[in-house]
Amino acid sequence: KLRSPRVSIEQIKNLHNRFTYLTQDEDTLRREHLENISNLALNPIRRQIIEAFFDKRNMGEKEKGCLQEIGFEEFVTVLSFFRPPKPRTADEEMKNVKKEKLRFLFNMHDTDKDGIITLDEYRRVVEELLSSYETIGAETAKAISDAAMLEVASVTVGQMGPDEFYEGITFEQFMQILKDVEIETKMNIHFWNLDTRTMQCGK
């Protein structure tokens with residue numbers, strides 16, 4: 001069962017126009033359709049963003065895995081994670097919105113879908129984020145990601161012994177790390193009024 005996207009009828013109509021524009025009037029959306037969005041092509045973590053649209057976990061399904069294509073309902077469900085909360089949202093609902101967004105972000109980084117963001121997965125994301133800086137080489141990016149992961153490890157599990165192995169970040173630890181970040185307002189895409197002539201996802 002898909003999660004409720006909580007969007008208005010007018011927004012559904014706008015999104016359906018975007019969906020048909022992206023798919024060129026086909027009934028389903030595939031990865032190559034999203035790769036044609038010009039602004040997304042410049043995003044260093046575009047691969048993770050695109051895969052998020054086909055991740056079964058983001059559809060509210062208990063089973064893991066990826067879909068090869070999605071319909072309009074799934075499209076709206078995934079985009080709803082990027083929707084900013086309404087003004088004067090109740091505290092309890094805001095907590096739920098933040099948790100949903102954090103779960104979505106966690107799923108993006110947990111690429112093997114085992115419930116843990118490993119050092120390799122974390123390193124891959126950091127390296128891709130740093131790839132836009134031409135002055136930072138691969139070894140430097142690796143050193144930065146390793147140092148960042150060790151910092152996370154010290155926060156989540158405390159001081160580790162030299163022979164201890166850090167498995168990675170669980171979702172509970174992920175929430176703790178980002179508890180002071182207003183992800184519920186920062187994680188959004190203004191997709192409600194996109195111009196279908198350019199079809200760009202911007203900030």
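Predicted model: local features only at pLDDT ≥ 70, side-chain atom pairs only at ≥ 80, totals over all residues.
1. The buried residues of helix 1 are Gln 11, Asn 14, Leu 15, Arg 18, Phe 19, Leu 22 and Thr 23.

2. The length of helix 1 can be checked. Helix 1 has 15 residues (residues 9–23), and at 1.5 Å a residue these should span 21 Å. The C-alpha atoms at its ends are 21 Å apart, which agrees with that expectation. Helix 1 is followed by Gln 24, whose phi is positive, near 55°.

3. The model contains 8 aromatic pairs. In one of them, the ring centres of Phe 19 and Phe 72 are 5.5 Å apart and the ring planes stand at 70°; the pair is edge-to-face because that angle is over 60 degrees. Phe 19 belongs to helix 1 and Phe 72 to helix 5, so this pair ties together parts that are 53 residues apart in sequence.

4. Is Phe 19 buried or exposed? Phe 19 has a relative accessible area of 3%, and it is buried because this value is under 20%. Ring pairs also link Phe 19 with Phe 53, Phe 72 and Phe 75 into a cluster.

5. Charged side chains also meet aromatic rings. Arg 31 lies over the face of Phe 54, at 4.4 Å from the ring centre. Likewise, the charged end of Arg 103 sits over the ring of Phe 171, 3.7 Å from its centre.

6. Leu 79 is a residue of helix 5. Its relative accessible area is 6%, and Leu 79 is therefore buried. Between Leu 79 and Ala 52 there are 9.8 Å in space, C-alpha to C-alpha, although the two are 27 residues apart in sequence.

7. The chain as a whole may now be considered. Its secondary structure comes to 10 helices and 0 strands. Of its 203 residues, 41% count as buried. Among contacts in the protein chain with a separation of 6 or more, 62% are accounted for by residues 24 or more positions apart. The accessible surface of the protein chain comes to about 12,100 Å², and 51% of it belongs to carbon and sulfur atoms.

Methods:
Residues numbered from 1 in each chain as written. Heavy atoms only, no water. Helix = DSSP H or I, 4+ residues; strand = E, 2+ residues; numbered from the N terminus. Expected span 1.5 Å × (residues − 1). Buried < 20%, exposed > 50% of the residue type's maximum accessible area, 1.4 Å probe, protein only. Phe/Tyr/Trp six-rings, centres within 6.5 Å; stacked < 30°, edge-to-face > 60°. Lys NZ or Arg CZ within 6 Å of the ring centre and 35° of its normal. Contact = heavy atoms within 4.5 Å. Areas by Shrake-Rupley, 256 points an atom, 1.4 Å probe, with all protein chains shown as cover.
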